[in-house]
Amino acid sequence: MVKALRANPPDEYGNRDGVARSVFDTVLAGEALRTTVHGGVKLWGSWSPPSVREHGPGRRGTLAGGPRRSSQHSSEGVRRIDEKQFVRTVAERTGLSRQEAADLTWATLETLAHRVSPGEARNLITELPEGLAEAVRRGTTDLIERFGHHDSVRRVAERTMLKEEEADRGVRTVLAVLREAISEKEFNDLMSQLGTDFSQALESAG
């Protein structure tokens, strides 16, 4: 606008209307340059594409057309707890050390995997953090074994070198923490295959 005034002083037009028309033409030319984006012309001023204004410069995935990342807490069946949190919770509730709680958790999940169908084991794996999912994978077998809570406690005690009363409390605790770590539907499916004996043991864990 200033350049237009300097290039066309008022006295050359004879009236102010001429100056106004010149300034208006200059502004229109500038706006044309601002809006010529798709033709490869360099943008002037602070103009930005509508997509940036609408979504903000930080949302690169949306602007680039890439897939949106779904929140881990947006729907049922997602992982609600990581392996360290799981083991730490087991340790706090049983009074065992972190390493003992980790060994107990692995042994319990692997033992329980012997007791359920391969399909149920796969469903459980999808809802567990990788470290715990691996324990279920290792215990998965095509032949479903039939044993109750007491036998599971004996197996876990043998594998972890814990006393049977410690293993008993530990298996119940792992089931209780598992209930908090996976979706309600998946936990109910799991318990329906484990049977009444395990359900009663879980209830006594509080």
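M161 sits in the loop that joins α9 (149–160) to α10 (164–181). Helices here are DSSP runs of H or I with at least four residues, and strands are runs of E with at least two, numbered from the N terminus. Although M161 is not a glycine, its phi is positive, at about 65 degrees. With a relative accessibility of 73%, M161 counts as exposed. The cut-offs behind such labels are under 20% relative accessible area for buried, over 50% for exposed, and partly exposed in between, with a 1.4 Å probe and protein chains only.

A word on the model itself. This is a predicted model, in which local features need pLDDT of at least 70 and side-chain atom pairs count only at pLDDT 80 or more, while totals for chains, interfaces and linings use all residues. Residues are numbered from 1 along each chain as its sequence is written, and side-chain values use heavy atoms, with hydrogens and water left out.

**The overall picture**

Stepping back, the protein has twelve helices and zero strands. Of its 206 residues, 36% count as buried.

Let us turn to α11, which spans residues 184–194 and has E186, F187, L190, M191 and L194 as its buried residues. Viewed down the axis of α11, these buried residues fall within an arc of 130 degrees, so they line one face of the helix. The arc is taken from the directions that run from the helix axis to the C-beta atoms. An α-helix has 3.6 residues a turn, so residues three or four places apart point the same way. On the other side of α11, E184, K185 and S192 are exposed. Just after the helix comes G195, with a positive phi of about 100 degrees.

**Helix α8 and its cover**

In α8 (residues 130–139), the buried residues are G131, L132, A133, A135, V136 and G139. Their cover includes α5 (83–94), α6 (98–115) and α7 (118–126). E130 also lies in α8, but this residue is partly exposed, with a relative accessible area of 46%.

T105 belongs to helix α6 and counts as buried, at 0% relative accessibility. Leaving aside neighbours within four places in sequence, T105 is in contact with F86, V87, V90, L132 and V174. L132 is one of the buried residues of α8.

A113 is also found in helix α6, and at 2% relative accessibility it counts as buried. Not counting residues up to four places away in sequence, A113 touches V136, G139 and T140. Here too α8 is involved, as V136 and G139 are among its buried residues.

**Pairs across the chain**

The table gathers some residue pairs, with their separation in sequence and their C-alpha to C-alpha distance.

| Pair | Sequence separation | C-alpha distance |
|---|---|---|
| T105 and T173 | 68 residues | 9.1 Å |
| E130 and D82 | 48 residues | 8.6 Å |
| A113 and R138 | 25 residues | 8.1 Å |
| G119 and T140 | 21 residues | 9.4 Å |

**The cavity**

What lies inside? A cavity is a set of points on a 1 Å grid over the protein atoms alone where a 1.4 Å probe fits but cannot get out, and its lining residues have an atom within 4 Å of a point. Grid points are joined across faces, edges and corners, and the volume is the space filled by probe spheres set on the points. The count comes to one cavity of 30 Å³ or more, and the largest cavity has a volume of about 40 Å³.

Which residues line the largest cavity? They are L109, L112, A113, V116, L124, V136 and L190. The largest share of this lining, three residues, comes from α6. The lining divides into seven nonpolar residues, no polar and no charged. Ala, Val, Leu, Ile, Met, Phe, Trp, Tyr, Cys and Pro count as nonpolar, Asp, Glu, Lys and Arg as charged, and the others, Gly among them, as polar. Several parts of this report meet at the cavity: its lining includes A113, V136 and L190, of which V136 is a buried residue of α8 and L190 a buried residue of α11.

Notes: Contact means heavy atoms within 4.5 Å. On a 1 Å grid over the protein atoms alone, a cavity is a set of points where a 1.4 Å probe fits but cannot get out, and a pocket is an open set with protein on both sides within 12 Å along at least five of seven lines; lining residues have an atom within 4 Å of a point.
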